[in-house]
Amino acid sequence: MRKGVMRPGHVQIRVLDVEEALTHYRDLLGLIEMDRDDQGRVYLKGWTEVDKFSVVLREADTAGMDFMGFKVLDNDTLSGLEQELRDRGLGVEEIPAGELNSCGRRVRFQAPSGHHFELYAEKEQTGKWGLSKVNPEAWPRDLKGMKATRFDHCLLYGTDVMATYELFRDVLGFDLAEQVVDPEGNKAAVFLTASMKAHDIAFIECPEPGKFHHASFFLETWEDVLRAADLISMTDTSLDIGPTRHGLTHGKTIYFFDPSGNRSEVFCGGDYHYPDHEPVTWKAEDLGKAIFYHDRVLNERFLSVLT
């Protein structure tokens, strides 16, 4: 049952050098720099996003993800979900409005996977970049790089995927859109959605908690993904794999790395999900085809390079 979580709202990514990282996220991906704060964090967004930011870059000694945030319907929803998290015995941290620029009060918790998540109801809305709210044109003319439209989802590796799935299902109201099961029927990976998208968050079982696999950004067409591949070569950016198609979700995709070693994905297409849909199941022994539908073989970097 849906619980009022609307969509992924933001991800805070640790980078080793924030100015170097901006050549990746702003100049190559094409996200728009919106703000900086007194901690040195940089705030960015995709051009179709109405909220002020969806990606926050923080300079640190190690790469990875600090947290991922989800926007909920309103403050009553936020308070209700906060209480449900407390009732479940999770440690909940309240973060005051303004700790992230232009963002309201946040409720942060740690999932059994070892990752930190937060919920919030309010963030300044600046509208789609460069477009009027009345009679808008098709797209802004001053976009850079891959022209990423929005932050779409994260894939995370961590411990206790089943308990994490139950938390997202029972407390936050996410649906299971797709899953990978081992020969004993255990869930090795879950792809969860709070919307009609193929997934808003995904988890893969890993012996080490709290690992970051990738942040993903949506492009409009397959031609845009092919153009992204050209830009990756033009800029000598480290390529992971692609362009190719997923079996899971059926999205068309390419993976590559930022200068700190964090993986990015851009993709287009993909399946949709309604609450009455049964989950799609892939067998673990067919994981190569599930992840890389054309090659049908797993890229070792895709499994082993995590931050």
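# Charges and rings

Author: R150 has its charged end over the ring of F218, 4.2 Å from the ring centre. A charge sits over a ring if NZ of Lys or CZ of Arg is within 6 Å of the ring centre and within 35 degrees of the ring normal. The model is predicted, so local features need pLDDT of at least 70 and side-chain atom pairs pLDDT 80 or more, while totals for chains, interfaces and linings use all residues. Residues are numbered from 1 along each chain as its sequence is written, and side-chain values use heavy atoms, without hydrogens or water.

Reader: Over which ring does the charged end of K123 sit?

Author: The ring of F53, with 3.9 Å from the charged end of K123 to the ring centre.

Reader: How many aromatic pairs does the structure hold?

Author: Rings of Phe, Tyr and Trp (its six-membered ring) pair if their centres lie within 6.5 Å; planes under 30 degrees apart are stacked, over 60 edge-to-face, and the rest tilted. The structure holds twelve such pairs. Helices (H or I, at least four residues) and strands (E, at least two) are DSSP runs, numbered from the N terminus.

Reader: Are Y43 and F53 buried or exposed?

Author: Buried means under 20% relative accessible area, exposed over 50%, and partly exposed in between, with a 1.4 Å probe and protein chains only. Y43 and F53 are both buried.

Reader: How far apart in sequence are the parts that F70 and F174 tie together?

Author: The two rings pair edge-to-face, 5.4 Å centre to centre with 80 degrees between the planes. F70 lies in strand β5 (residues 64-72) and F174 in the loop between α3 (161-170) and β10 (175-181), so the parts tied together are 104 residues apart in sequence. F70 is buried at 1% relative accessible area, and F174 is buried at 2%. Ring pairs also link F70 and F174 into a cluster with F109, F117, F168 and F203.

Reader: How many salt bridges does the structure hold?

Author: A salt bridge is a side-chain nitrogen of Lys or Arg within 4 Å of a carboxyl oxygen of Asp or Glu. The structure holds 28 of them. One joins D51 and K71, at 3.1 Å from N to O. D51 is in the loop between β3 and β4 and K71 in strand β5, so the parts joined are 20 residues apart in sequence. D51 and K71 are both buried.

Reader: Are E33 and R36 buried or partly exposed?

Author: E33 is partly exposed at 27% relative accessible area, as is R36 at 36%. Their salt bridge brings the closest N and O atoms to 2.6 Å. R86 and E94 form another, at 3.6 Å from N to O. R86 is partly exposed at 36%, and E94 is partly exposed at 46%. Salt bridges with shared partners join E19, R26, D27, E33, R36 and K144 into one network.

Reader: What is the nearest side chain of opposite charge to K45?

Author: Lys and Arg count as positive, Asp and Glu as negative; His and the chain ends are not counted. For K45 it is E49, 6.4 Å away, and K45 is buried yet has no salt bridge.

Reader: Which backbone oxygens does the side chain of K45 reach?

Author: A polar contact is a pair of N or O atoms within 3.5 Å; within protein, one must be able to donate a hydrogen and the other to accept it, and residues adjacent in sequence count only if both atoms are side-chain atoms. The side chain of K45 reaches the backbone oxygen of E49 at 2.6 Å and that of G127 at 2.8 Å. K45 lies in strand β3 (residues 42-45).
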